[in-house]
Amino acid sequence: MIVITTPTGDIGHQLVENLVAAEEPVRVIARDPSRLPARIRAQVDVVEGSHSDAEVVDRAFDGADSVFWLVPPDFRTPSVSARYLEFTRPACEAVTSHGVGRVVAVSALGRGSGLEANAGLVTASLAMEDLICATGVSYRGLTMPGFMDNMLRQVDGIKATGSFSSTLAGDLKAPTCATRDIAAVAARMLLDHSWTGQQSTPVLGPEDLSCNQMAEIMSDVLGRAVRYQQQPIDGLRTDMLARGASEAMANAVVEMMVAKDHGLDNAEPRTPESTTPTSFRQWCAQVLKPAVLG
Ligand SMILES: NC(=O)c1ccc[n+]([C@@H]2O[C@H](COP(=O)([O-])OP(=O)(O)OC[C@H]3O[C@@H](n4cnc5c(N)ncnc54)[C@H](OP(=O)(O)O)[C@@H]3O)[C@@H](O)[C@H]2O)c1
């Protein structure tokens, strides 16, 4: 039995599709099972509730060989590190009490970069990994750069002003990956019941690109000029607070973006194993273009 958290999320829903297609027994934990497609509900075991709840994970992990673990972002959290750790602690207890064999978790690039101690959200993700690993379970941490899919949050701006923004230097090249590839890597790890030990599994996409290069690709694919606008870091903080983020969340994102500008995502060497197939151009044609034109 494979247990999946966040089956309605970006990564989670694609992962569930992959596992169901492989005809593997799957149990999902969902706060609101009616948000799952009826076709999926009919093919999986559903435990209703939040995976931060000790009683819920205790029920869900009973008889589980493997668990896919993802801590959902909380825009209003008063403490980012406490959020990741408190959310994960009950699951660690259930992993131990039920003798779960393997955990595959969503984490982030940065370990070994020298920047990870002050990288906000990434620092919190890495502390979460340490907590899971301390149980002794066999573990693979999916370590990612920024997702291509984050660009969907800028569709309105692309339509209205022909621009997108970030705080990164326009010519800083970095990896980026598609959530469909993260789901495919997670599915591969979860369907393999033979691995042991504790390691990172980086998911780096096929190439490093700068924001200026992304703007060129988007212009080409969308058939209209798209420009990259570098936002001052203080502007990001002010914008997040204005949109209702807690001080802690705004500070954690600012710290992470500063660390990324200093090379947080550039320390992991690209290998054939960490190179995933979906290019930014392909993602723009298949996902961004319909969203911008729709
Ligand atoms: N975006 C990036 O560039 C990036 C890079 C590296 C790592 N990450 C990590 O990737 C993760 C985000 O993955 P994603 O994009 O797939 O997530 P997502 O699409 O935002 O999905 C969030 C999921 O969490 C569920 N959820 C929300 N609050 C919950 C709660 N309190 N209790 C239980 N379930 C809850 C939601 O389900 P319902 O609302 O249906 O209940 C939904 O299934 C984060 O851990 C982030 O740190 C992101």
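Colleague: Why is alanine 82 called partly exposed in this predicted model?

Modeller: Alanine 82, which lies in helix H4 (residues 80-98), has 13 C-beta neighbours inside 10 Å. A residue is buried with 20 or more such neighbours and exposed with 12 or fewer, so alanine 82, with 13, counts as partly exposed.

Colleague: How far is alanine 82 from alanine 127, in sequence and in space?

Modeller: Alanine 82 and alanine 127 are 45 residues apart in sequence, and their C-alpha atoms are 9.8 Å apart in space.

Colleague: How do you know whether threonine 6 is buried or exposed?

Modeller: Threonine 6, in the loop between S1 and helix H1 (10-21), has 22 other C-beta atoms within 10 Å. Because the cut-off for a buried residue is 20 or more, threonine 6 is buried.

Colleague: What makes the backbone of threonine 6 worth a remark?

Modeller: Its phi is positive, about 50°, although threonine 6 is not a glycine. Most residues other than glycine have a negative phi. Glutamate 23, in the loop between H1 and strand S2 (26-30), also has a positive phi, near 60°, and is a residue other than glycine.

Colleague: Is glutamate 23 buried or exposed, and how do you know?

Modeller: Glutamate 23 has 8 C-beta neighbours inside 10 Å, and since 12 or fewer is the cut-off for exposed, glutamate 23 counts as exposed.

Colleague: What makes arginine 153 count as buried or exposed?

Modeller: Arginine 153 sits in the loop between S6 and helix H6 (155-161), and it has 9 C-beta neighbours inside 10 Å. With 12 or fewer as the cut-off, arginine 153 therefore counts as exposed. Between arginine 153 and threonine 96 there are 57 residues in sequence and 38 Å in space, taken from C-alpha to C-alpha.

Colleague: Why are H5 and H10 called roughly perpendicular?

Modeller: Helix H5 (121-133) and helix H10 (residues 247-261) pack at an angle of about 95°, and their axes are 7 Å apart. Angles from 65 to 115 degrees count as roughly perpendicular, so H5 is roughly perpendicular to H10.

Colleague: Which residues meet where H5 and H10 pack, and of which class are they?

Modeller: Leu121, Val122 and Ala124 in H5 meet Ala252, Val253, Met256 and Ala259 in H10. By class, this contact has seven nonpolar residues, no polar ones and no charged ones.

Colleague: What makes strands S3 and S9 the edge strands of the sheet?

Modeller: The open sheet has seven strands in the order S3-S2-S1-S4-S5-S6-S9, with parallel pairing. Strand S3 (45-48) and strand S9 (198-202) each pair on one side only, and they are the edge strands.

Colleague: How do you know that S6 and S9 pair?

Modeller: A pair needs at least two bridges, and five bridges join strand S6 (residues 138-144) to S9, so the two strands pair, and they run parallel.

Colleague: Which elements supply residues to the shell around the ligand?

Modeller: H1, S5 and H5 each supply at least two residues of that shell, and H1 gives the largest share, three residues. Of the 24 residues around the ligand, Gly9, Asp10, Ile11, Ser50 and Pro72 come nearest. The residues of the shell divide into 10 nonpolar, 10 polar and four charged.

Methods
Residues are numbered from 1 along each chain as its sequence is written. This is a predicted model: local features need pLDDT of at least 70, side-chain atom pairs count only at pLDDT 80 or more; totals for chains, interfaces and linings use all residues. Helices (H or I, at least four residues) and strands (E, at least two) are DSSP runs, numbered from the N terminus. A residue is near a molecule or strand if its C-beta atom, placed from the backbone, lies within 6 Å of it. Ala, Val, Leu, Ile, Met, Phe, Trp, Tyr, Cys and Pro count as nonpolar, Asp, Glu, Lys and Arg as charged, and the others, Gly among them, as polar. Axes are lines fitted to C-alpha atoms, for helices over the stretch in contact, and angles run from 0 to 180 degrees between N-to-C directions. Angles under 35 degrees count as roughly parallel, over 145 as roughly antiparallel, 65 to 115 as roughly perpendicular and the rest as oblique. Two residues are in contact if their C-beta atoms, placed from the backbone, lie within 7 Å.
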